[in-house]
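Subject: Structure handover

Hello,

Here is the structure, with the sequence alongside. My notes on what turned up follow below.

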Amino acid sequence: MYPSDLKYAKEHEWVRVDGDTATIGISDFAQDQLGEVVYVDLPSEGDEATAGDSFGEIESVKSVSELFAPVSGEIVKVNDALDDAPETVNEDPYGEGWMIVVKLSDPSQLDELMDSSAYEAFVAEEA
Amino acid sequence: MSGEELKRTPLFEEHVALGARMVPFAGWEMPVYYGGIIEEHNAVRTSAGMFDVCHMAEFRVFGAAAADALQGLLTNDIRRISEIGDAQYTLLCDEDGHVIDDLIVYHTGEHEYMIIANASNRAVDWEWLDARLPESVERVDESDRTALIALQGPRALSVIEELTGDDFELPSRFQVTGADLDDVPVLLARTGYTGEDGVEIVSHSSHAVQIWRLLLSFPEVTPCGLGARDTLRLEMGYALYGNDMDRTVDPISAGLGWAVAMGKGDFVGRDPIADVKARGPERRLVGLTVPDGIPRHGYPVLHGDREVGTVASGGFAPSLGHGIATAYVPAALSVEGTRLEVAIRRKVVPAVVTKPPFVRDTSLSRG
């Protein structure tokens, strides 16, 4: 449920590091808590993400939630496919449901994030 | 409501066993969905869905003077349900002509009426009615011992027919009749809140689980939570008390003038309502189509750079794939096709005044 090659934030985003870039999405726990996702509002390529700040919003039928950036950097890719198929976030949160790719400006921020076992324990406490 | 113990319907354990996500609603712990709101919504539009609505209030009013007494307290004309088995949507208004609650009144027997009211208004309605009904009219709050399960969708009636047998004649739309489901005595009311055909099943609360399981045994029936109930009713533009009307608004402004019989004689709230009708309301509740976002309760409605109203009910319409809402706007901006905007947090998106229902092709409209 929580892939071990990812890092996790307390706001339930995940990060997949590849060299100096990081792909960001939300965890399986987060998508399950939200229910069916019907709208994802993402920033544009070239915008800056700041760790701890909102980079977008995600809406289910019942609720609206902010998306928080786990790391800082320039946004180099945005998953525009979520415009037409927001439900992908539910169906494949760690794959096709990714949201943005950032070029890491401060890789040391990764050390603040949880590994999968720490995140699993964190979720168990929150649930 | 915080700090108070949430109430549970007789079906609570059934919901838990089905894996429902439970939420607080009007003082009750209710299922918001089992699998997902959209799939439950679609089940009702295409097959059949069942809803636990046991939280709703049921009052019985009876006696030779019952009809006349209700005629003076409710806005609709009770003479239109003079036959036993008739039912009617109506409003309870205060002396200012503001809406206390919306109700369905069922003519269940000789000088006997059953009123179904919103769960959140049970105490207020009861006190209001109890204080104003004459002594000769008996009244009982039967909410605690009454179960209500709604079965709605294009395949709802075939399920009921299978349970009642060939000889049974289903009630017509807005009619109620007694029946036996699996030897359980029930009232079958051909009413609902989804825009689909179907019934609402009234029984003693001790039989709720049996009926629930009986309906669930049909593969075409999906258990549905309050989430789908809300998206279904919003697509039809059905008013939700507390969102679309309350003690600050009259029925004419709320678009519920069709449930007010001005010509029937006096009733509580008549004169102020007649004034609004004569003058024309300053603000009207309209439907809004919002293609590029999801409007929600309380969001500002704009015209140019001016804030002109507020979203009353809003959300994602699963049958349409985009946002819809109701909102109070100045009468001059209430004309169908008027272009407005809704402020959805950080951005402003277009909204077009649309006459509900938003979804027109349903089993109810097909007849």
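Chain B has a mean pLDDT of 97, with 99% of its residues at 70 or more. This is a predicted model, and the predictor assigns the complex an ipTM of 0.86 and a pTM of 0.94.

The contact between the chains: chain B contributes 10 residues and chain A seven residues. On the side of chain B that touches chain A, strand S2 (28–33), helix H2 (37–46), helix H7 (226–236) and strand S16 (306–317) of chain B each provide at least two residues. That side of chain B comprises six nonpolar residues, four polar and no charged.

Helix H4 in chain B: this helix covers residues 122–132, and its buried residues are B:Arg122, B:Asp125 and B:Leu129. Seen down the axis of H4(B), they lie within an arc of 75°, so they line one face of the helix. B:Ala123, B:Glu127 and B:Ala131, on the other side of H4(B), are exposed. The elements of chain B that cover the buried residues include helix H3 (66–73) and strand S6 (99–109).

Strands in chain A: S1(A) (residues 7–8) pairs with S2(A) (residues 13–18) in the antiparallel sense over two bridges, and A:Tyr8 has A:Trp14 as its bridge partner. Four residues separate the two strands of this hairpin, and A:His12 in the turn has a positive phi of about 75°. S2(A) also pairs with S3(A) (residues 21–26), in the antiparallel sense over six bridges; here A:Val15 is bridged to A:Ile24. The hairpin of S2(A) and S3(A) has two residues between its strands, and A:Gly19 in that turn has a positive phi of about 65°.

Regards

Technical notes. Residues are numbered from 1 along each chain as its sequence is written. Chains are lettered from A and ligands numbered from 1 in the order in which they are written. This is a predicted model: local features need pLDDT of at least 70, side-chain atom pairs count only at pLDDT 80 or more; totals for chains, interfaces and linings use all residues. A residue is buried if 20 or more other C-beta atoms lie within 10 Å of its own, exposed if 12 or fewer, and partly exposed in between; C-beta atoms are placed from the backbone. The arc is that of the directions from the helix axis to the C-beta atoms. Two residues are in contact if their C-beta atoms, placed from the backbone, lie within 7 Å. pLDDT is the predictor's confidence in each residue, from 0 to 100. Ala, Val, Leu, Ile, Met, Phe, Trp, Tyr, Cys and Pro count as nonpolar, Asp, Glu, Lys and Arg as charged, and the others, Gly among them, as polar. Two strands pair if DSSP finds at least two bridges between them.
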